[in-house]
Amino acid sequence: MPDHIARRRGGDRWKHAALGVGLLTSLAALSPVVQAAERPIPETTDDVRRVPIPPIDRSHEPIVVIAGGTLIDGRGGAPISNAVVVTQGDRILAAGPAGSVAVPADAARTIDASGLYVMPGLIDLHIHFTQQRCDDFGKYSDSPAGAAIRGVALAEQLINAGITAARDVGTVDDVALRIKEGVDRGIIRGPRVLWSGRIIATTGGHGDEVTSTATGRQKPALGGPSKGANGPWEWRTAVREQIRNLADWIKLGAPADKEELAAAIDEAHSLGVPVAIDSFGKYTDWAIEAGVDTLEHPLAMSDNAVPLMKKHGTAFVPTIIAFDNLLNGGYPTAGIPSGGFYHTHSRRFVIDQRDHLKRVTEAYRAGVPIGVGTDIPFENDERYPDAYFHELDYLSQAGMSNADILASATRVGAQIMRMGDKLGTIEKGKIADILIVGANPLDSLKNLRDVRYVVADGKVVVDGPAR
């Protein structure tokens, strides 16, 4: 369990834990079954659910060597020139200066990275694979099949840009799960996917609106039967249903009662699943106090929000690019007109991008973990991955250094995703998700666009300059 979640539960929990340990110790002395259950699990699935699986023998998997490049391993140290990275199967065997890393003689392939820069794959913490996109948004009717087609196209765009992991925070039916499985099985090209199912909302709240947040158009059949949950126990049930459906994360929407938010967050944490919220105002403060893991968007944040995030260890995924019609030449990805949320009853407040940037600056200075997310790139199919790089520009405008932005896009993003032990850095034992670019991204974030190779799950999926 992450330390900050454990701290949030503090107090009497530690007394109960001590009693539980004593009871387990007594039972263990009597029962070999209990003793066996306490042994470390050798292998788990490579997602947040961490389901135990049989040990995997990677000794016969092909070895790939990346040699001669400058390694930015994501751990915060100085770049390593003339570095070597060795992978076998989906894992990194070794990484470091050429003289310190043994290069196996039986490597299946060696990538000459001389003059290039080797770094961890990028992470997008807020994506919706299934949302309508393009400049003809609203012209065509939608369906789960249509959503899946769009999602597969977006997955391709992500991986071509060096984004090797993405968190889907709201999908149609189980489309994001099937994209996750398609990537895992090698059926489609795309990033590693963590998904959170349908947004859990009150009746008529965000995630259960009758009108589109972006356009104000009424949804077909007024959105169909409401799927809103009402009252703490319905919110607990909704969480259990999402986890039963194999969700990696839980996504909540506001407005909601304080008790509903607290019940959902407690239920998810009791089952080992983290929680994100798309919120605003007092609902944000309530969610942070209840232990929510990530706050999505800087919407109508109170002056208490950042201090509360710092106190409770809450991470922040600002998605500034999603709301811009002003600061970046009119470049929104969420299709929301400039100035506020129009046409929707669940959100009625003014949006000011300058306020958004100020909140990100405040969070950065306070030491709140900040991740990179883009939200809904539906205005033009070709804009992704452009939106990702514009989001990095916004983080720069908020005062973050290039090094800290790269950390947000890799190591910190992996930690926020609850995958920090498997992703986000290039070091022994981590999953081999690697991006190779043509120039130093620490000098200019624009150099991230110069993709030369992408290794995802140990496989070379972009081989040579990306088109």
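**Core packing and charged contacts**

In the predicted model, isoleucine 250 contacts Ser196, Ile200, Val239, Gln242, Ile243, Ala268, Val273, Pro274, Val275 and Ala276, when neighbours within four places in sequence are set aside. Ile250 also belongs to the largest nonpolar core, which holds 76 residues; together with Phe129, Leu252, Phe316 and Tyr388, this isoleucine touches the most other members. Helix 11 (residues 386–397) supplies the largest share of this core, with six residues. In soluble globular proteins, nonpolar side chains tend to be buried together.

Salt bridges number 26 in the model. Glutamate 181 pairs with arginine 178 at an N to O distance of 2.7 Å. These two residues lie three residues apart in helix 5 (residues 175–184) and are therefore separated by about one helical turn. Glu181 is partly exposed, at 27% relative accessible area, and Arg178 is likewise partly exposed, at 44%.

A further salt bridge joins glutamate 267 and arginine 240 (2.8 Å, N to O). Glu267 is part of helix 7 (residues 258–270) and Arg240 of helix 6 (residues 232–244), so the pair ties together parts that are 27 residues apart in sequence. Glu267 is buried, with a relative accessible area of 7%, whereas Arg240 is partly exposed at 42%.

Glutamate 427 and lysine 430 form another salt bridge, with their closest N and O atoms 3.4 Å apart. Salt bridges with shared partners also connect Glu43, Asp46, Arg58, Asp90, Arg91 and Lys422 into one network. Within strand 3 (residues 91–97), Arg91 is buried at 11% relative accessibility, and its side chain makes a polar contact of 3.1 Å with that of Asp90.

Terms used: Residues numbered from 1 in each chain as written. Predicted model: local features only at pLDDT ≥ 70, side-chain atom pairs only at ≥ 80, totals over all residues. Heavy atoms only, no water. Core = buried A, V, L, I, M, F, W, Y, C linked by side-chain atoms within 4.5 Å. Buried < 20%, exposed > 50% of the residue type's maximum accessible area, 1.4 Å probe, protein only. Helix = DSSP H or I, 4+ residues; strand = E, 2+ residues; numbered from the N terminus. Contact = heavy atoms within 4.5 Å. Polar contact = N/O pair within 3.5 Å; in protein donor to acceptor, adjacent residues only side chain to side chain. Salt bridge = Lys/Arg side-chain N within 4 Å of Asp/Glu carboxyl O.
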